[in-house]
There are 2 protein chains.
Amino acid sequence: MAAKSEQTRRLVADVALRMFREIGFEKTTMRAIAQEAGVSVGNAYYYFASKDELVQELYLQVQAEHAAAAAEALDGAKDLSARLKAVLHAGFDVMEPYHQFGADFIATAIRPTSPVNPFGEDSTAAREASLAIFRDAVEGSVPAAPKKLRGELPELLWLAYMGIALFWVYDKSEGQRRTRSLIDGVVPLIARGLSLAKIPGVGKVFDDVLGLVRSVRG
Amino acid sequence: MAAKSEQTRRLVADVALRMFREIGFEKTTMRAIAQEAGVSVGNAYYYFASKDELVQELYLQVQAEHAAAAAEALDGAKDLSARLKAVLHAGFDVMEPYHQFGADFIATAIRPTSPVNPFGEDSTAAREASLAIFRDAVEGSVPAAPKKLRGELPELLWLAYMGIALFWVYDKSEGQRRTRSLIDGVVPLIARGLSLAKIPGVGKVFDDVLGLVRSVRG
DNA sequence: ACTCATTCTTGAACACGTTCAAAACATCGA
DNA sequence: TCGATGTTTTGAACGTGTTCAAGAATGAGT
């Protein structure tokens with residue numbers, strides 16, 4: 001019966017995620033997870049090859065919630081600024097309960113060999129899902145973003161999102177309001193910056209930036 | 001005799017740094033360092049409170065080398081592009097032997113509590129030294145950078161340097177030539193971008209970016 | 001009902017970073 | 001020379017993530 005197996009897996013994952021949230025990454029030892037879940041340590045390892053894989057589980061869940069929250073928040077937002085803010089704020093709303101966990105998460109995630117690494121191969125699916133959120137924000141925008149930028153824009157915005165997430169991890173202000181201000185400040189600037197692409201002298205530079213992005217991505 | 005104590009400290013640090021370079025972060029265990037240095041584990045801990053502090057030792061050394069190499073490379077470079085390239089390439093020249101180590105270094109350094117965290121308080125001195133390199137590059141530039149940008153520019157360039165360093169860590173191409181291409185591509189774009197600040201419509205956006213940077217830095 | 005292969009579960013064991021009480025050593029004033 | 005005081009060194013011990021040989025439970029085929 002596959003259901004029983006899946007049940008144990010979910011139990012371990014749920015206990016781990018709750019402990020991550022409530023007592024943080026370091027205090028959530030594999031032994032503590034196992035004990036709390038009423039299984040042996042080895043059994044937890046049967047379902048998750050490493051503690052990192054439990055972090056990945058959290059990553060996937062947060063991302064699914066972000067996609068759902070973003071889709072809802074995008075409803076009714078027309079211009080790019082509003083849509084970007086919607087998507088970004090939705091992301092940090094979802095991440096809020098895990099703020100204290102963020103530091104350890106990033107330390108894990110930034111390692112090239114980590115399954116959670118957002119640039120790595122192991123998380124291609126997760127990255128695509130995350131990218132799709134930004135593609136959605138850009139493509140549904142009225143007025144539309146400059147045509148020549150539209151292809152690369154979601155990826156660049158996603159990259160900016162990673163940067164803001166890093167800022168958020170370091171943000172010790174209550175409720176991370178400094179991160180919220182950053183979003184509200186930077187998004188209109190991005191939108192205005194993009195509108196500059198029409199100016200001839202500026203457009204050339206934009207083209208070269210895009211060229212560089214393309215050549216470097218390979 | 002203070003000399004003997006300092007001698008042990010240097011011995012441990014030198015052995016550790018060499019092992020970091022030669023066999024990487026994980027294989028360089030505290031026990032291995034101690035054994036190779038001919039001291040006990042506890043003795044290594046008497047001088048370095050954690051493995052991270054040995055990483056910090058490496059960080060300081062690499063940075064001192066960077067400052068020296070940059071100063072030399074800046075000699076004779078006049079315009080901002082040339083000076084920036086000089087400084088950046090000098091940095092990665094110095095870091096080259098530690099490339100495989102880079103991933104673990106960044107995972108350590110990105111943790112807000114780490115003594116090596118480039119944004120943290122423990123490394124204010126190190127960050128200032130690193131910033132000074134970029135200040136030097138900007139201030140000695142002929143023609144000079146736009147006046148209104150000159151204050152924040154070194155900090156922004158340093159930030160870009162951190163971003164390129166992250167790219168470098170992931171760069172698996174031989175000799176990290178993709179990172180070198182990125183530098184050669186992005187630097188002229190930065191220089192050209194800055195020259196756009198004179199265009200009225202663009203200048204306003206620049207001003208707002210600077211305002212945001214200032215308001216967020218606190 | 002009885003194999004037998006597969007899936008699941010266990011807990012002892014390993015190497016690691018780190019801590020700490022105790023020992024060894026050094027320095028110095030009397 | 002002798003103790004007293006401070007500095008340096010030691011190695012066993014702790015808790016951690018992870019591994020693994022062994023056993024228990026399950027299920028399919030006869």
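**Notes on the predicted model**

1. Over all chains, a search of the whole structure finds 28 salt bridges, a salt bridge being a side-chain nitrogen of Lys or Arg within 4 Å of a carboxyl oxygen of Asp or Glu. Side chains of opposite charge can pair when their charged atoms come close.

2. On conventions: this is a predicted model, where local features need pLDDT of at least 70, side-chain atom pairs count only at pLDDT 80 or more, and totals for chains, interfaces and linings use all residues. Residues are numbered from 1 along each chain as its sequence is written, chains are lettered from A and ligands numbered from 1 in the order in which they are written, and side-chain values use heavy atoms, with hydrogens and water left out.

3. Chain A has 11 helices and 0 strands; helices (H or I, at least four residues) and strands (E, at least two) are DSSP runs, numbered from the N terminus. Its C-alpha atoms fill a box of roughly 65 × 40 × 30 Å along the principal axes. Of the 218 residues in chain A, 49% are buried; buried means under 20% relative accessible area, exposed over 50%, and partly exposed in between, with a 1.4 Å probe and protein chains only.

4. Contacts (heavy atoms within 4.5 Å) in chain A can be split by sequence separation. Among those between residues at least 6 apart in sequence, 69% join residues at least 24 apart. Chain A exposes about 10500 Å², and carbon and sulfur atoms supply 56% of that area. Accessible areas come from the Shrake-Rupley method with a 1.4 Å probe; for residues, only the protein chains shown count as cover.

5. One salt bridge to look at joins A:Glu57 and A:Arg10, with the closest N and O atoms 3.7 Å apart. A:Glu57 lies in helix α4 and A:Arg10 in helix α1 (residues 2-23) of chain A, so the pair ties together parts that are 47 residues apart in sequence. A:Glu57 counts as buried at 14% relative accessibility, whereas A:Arg10 is partly exposed, with a relative accessible area of 33%. Both residues belong to a network of salt bridges that links A:Arg9, A:Arg10, A:Asp14 and A:Glu57.

6. In chain B, B:Arg10 forms a salt bridge with B:Asp14, and the closest N and O atoms are 3.2 Å apart. The two residues both lie in helix α1 (residues 2-23) of chain B, 4 residues apart, about one turn of the helix. B:Arg10 is partly exposed at 32% relative accessible area, and B:Asp14 is partly exposed at 41%.

7. A further pair in chain A is A:Glu155 with A:Arg217, where the closest N and O atoms are 2.5 Å apart. A:Glu155 is partly exposed at 30%, and A:Arg217 is partly exposed at 39%. A:Arg217 is also touched by A:Glu152, as are A:Leu210, A:Val213 and A:Arg214, not counting residues up to four places away in sequence. A:Glu152 sits in the loop between α8 (147-150) and α9 of chain A and is buried, with a relative accessible area of 7%.

8. Helix α4 (residues 51-74) of chain A also holds A:Gln63, which counts as buried at 10% relative accessibility. Leaving out residues up to four places away in sequence, A:Gln63 touches A:Ala126, A:Arg127, A:Ala129 and A:Ser130.

9. How much area do chain A and chain B bury between them? The figure is about 2700 Å², 72% of it on carbon and sulfur atoms; buried area is the accessible area (1.4 Å probe) that two parts lose on being put together, summed over both. The contact takes 32 residues from chain A and 34 residues from chain B.

10. Between chain A and chain B the count is 4 salt bridges. A:Arg111 forms a salt bridge with B:Asp104, with 3.0 Å between the closest N and O atoms. On the side of chain A that touches chain B, the elements giving two or more residues are α6, α9 (153-170), α10 (177-195) and α11 (200-217) of chain A. Of these, α11(A) gives the most, with 9 residues.
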